[in-house]
Amino acid sequence: MTDTASRSADAALVGAVDHDIREDAFPIKGWDHVRYFVGNARQAAHYYSTAFGMTLFAYRGPEQGHREHAEYALKSGGVVFVLAGGTDADSEASRHYARHGDGVIEIALEVPDVDANYAHAVAQGAIAIEAPHDLADDHGTIRRAVIGTYGETRNVLIDRSRYTGPFLPGFVAAEPMVAPPEKRFFQAIDHIVGNVELGRMREWVEYYERVMGFTNIVEFVEDAIATEYSALMSKVVANGNRKIKFPINEPAEGKKKSQIDEYLEFYGGPGVQHIALATSDILAAVDAMRERGVEFLEAPDAYYEDPEMRERIGTVRVPIEELQRRRVLVDRDEDGYMLQIFTKPQQDRPTMFYEIIERHGSLSFGKGNFKALFEALEKEQAKRGNL
């Protein structure tokens with residue numbers, strides 16, 4: 001996985017703060033990987049290789065004795081996605097895909113002591129799915145446990161300190177599907193957002209606070225995230241060093257169906273709405289990804305031409321006109337500023353999408369951009385007939 005130097009570089013991008021994880025009852029070293037269940041893993045791996053500039057580096061499937069799934073592991077800096085597809089109709093991935101479409105099934109976190117973390121979590125009421133156990137091959141052993149969260153999403157706890165293989169036991173090294181880009185488009189996970197049913201946001205915030213010792217660091221009420229037609233509420237929980245951040249959204253009452261309602265309807269329940277990917281050059285990333293076919297939401301010209309917005313934002317590293325040309329959003333808080341843009345859904349169902357984010361001191365989530373973002377989302381909902 002990532003070495004110490006790249007982990008340190010990633011931390012600077014994702015807004016980590018000084019914190020000794022040994023002080024935590026549930027210490028976390030960082031993100032390990034995100035595992036998806038998809039309809040066709042080989043084609044999905046090719047898409048993420050070509051459109052997102054990720055590099056295939058490991059594979060596990062029937063050829064390695066894993067009969068139910070074909071799994072492709074791709075990386076970009078410290079970001080690792082595992083795309084798992086069922087090889088028969090009765091596999092777990094096939095059943096999940098039939099109900100939800102492509103979606104995240106596991107968010108894996110690297111921890112120093114799987115047994116201690118799992119014992120603490122279960123004692124605090126965590127949903128126990130897999131008790132700590134070893135997985136091994138010729139390259140060594142990993143320790144793994146699994147606890148549940150909203151919907152069918154799982155949090156996997158991993159200790160890979162005794163493992164030297166390409167990824168996880170059973171995986172073999174794989175050659176890239178396409179030539180990697182000269183410069184990666186992103187290099188770290190900034191945060192992962194979940195959508196839950198109306199009235200259940202607080203429940204899951206309290207779950208993370210109790211089970212993992214997270215802190216509710218930000219709260220957005222419906223007035224803060226609302227347009228003329230729809231609204232939502234959101235709270236953000238984070239671990240001690242703020243590297244692991246989980247915003248959790250629920251719908252709020254509005255004149256029409258909110259983006260959260262649409263997600264819940266088409267995904268068939270709660271799940272991961274989007275993953276924010278940190279980059280050091282959002283302009284280059286967006287240009288390259290657009291060239292490769294990725295479609296982004298487009299903020300209106302009025303957003304960039306608003307004199308109040310321009311005064312509040314002040315000077316950023318590129319002219320506002322360059323951001324406007326690419327439809328990149330910008331926001332500033334007391335700690336600095338950030339640049340962000342959101343893709344359209346990356347599968348046929350209007351469910352999961354991605355955020356590309358470039359931080360310059362700001363630790364926030366773009367509150368000043370909410371209105372422009374949600375109006376752009378509503379425009380897409382209207383096209384689909386779901387507003």
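Guide: Before we start, pLDDT is the predictor's confidence in each residue, from 0 to 100. You'll want that here, since this is a predicted model.

Visitor: OK, what's the mean pLDDT of the protein chain?

Guide: The mean is 90, and 88% of the residues reach 70 or more.

Visitor: And where is the pLDDT below 50?

Guide: Over residues 1–9. That stretch still has 10 contacts in the model beyond near neighbours in sequence.

Visitor: Let's go inside. How many residues are in the largest nonpolar core?

Guide: That core has 84 residues. Those with the most contacts inside it are Tyr36, Phe52, Phe81, Ile275, Leu277 and Leu323.

Visitor: Which helix gives the most to this core?

Guide: Helix 5, residues 201–212, with 7 residues. Apart from this core lies another one of 14 residues, including Ala58, Val80, Val146 and Phe167.

Visitor: Back to Ile275. What is it in contact with, leaving aside neighbours within four places in sequence?

Guide: Among its partners are Val34, Tyr36, Phe81 and Val104. Ile275 also contacts Ile189, His191 and Ile192, plus the run Met352, Phe353, Tyr354 and Glu355.

Visitor: Switching to helix 7, which residues are buried there?

Guide: In helix 7, residues 282–291, the buried ones are Ile282, Leu283, Ala285, Val286, Ala288 and Met289.

Visitor: What covers them?

Guide: The cover includes helix 10 (320–326), strand 16 (336–342) and strand 17 (353–360). Helix 7 is then followed by Gly293, whose phi is positive, near 105 degrees.

Visitor: Which residue other than glycine has a positive phi?

Guide: Arg242 is one of them, with phi near 65 degrees. Arg242 sits in the loop between strand 12 (231–238) and strand 13 (245–252). Arg327 also has a positive phi, about 65 degrees, without being a glycine, and its place is the loop between helix 10 and strand 15 (329–333).

Visitor: Is Arg327 buried or exposed?

Guide: Buried: its relative accessible area is 17%, and the cut-off for buried is under 20%. Arg242 is at 26% relative accessibility, so it counts as partly exposed.

Visitor: Last one, Asn249. Where is it found?

Guide: In strand 13. Asn249 is buried, with a relative accessible area of 7%.

Visitor: Which side chain does a polar contact join to Asn249?

Guide: The side chain of Ser234, at 2.7 Å. Not counting residues up to four places away in sequence, Asn249 also touches Val193, Gly194, Asn195 and Val196, along with Leu232, Met233, Ile260 and Gln273.

Technical notes. Residues numbered from 1 in each chain as written. Predicted model: local features only at pLDDT ≥ 70, side-chain atom pairs only at ≥ 80, totals over all residues. Heavy atoms only, no water. Buried < 20%, exposed > 50% of the residue type's maximum accessible area, 1.4 Å probe, protein only. Helix = DSSP H or I, 4+ residues; strand = E, 2+ residues; numbered from the N terminus. Contact = heavy atoms within 4.5 Å. Core = buried A, V, L, I, M, F, W, Y, C linked by side-chain atoms within 4.5 Å. Polar contact = N/O pair within 3.5 Å; in protein donor to acceptor, adjacent residues only side chain to side chain.
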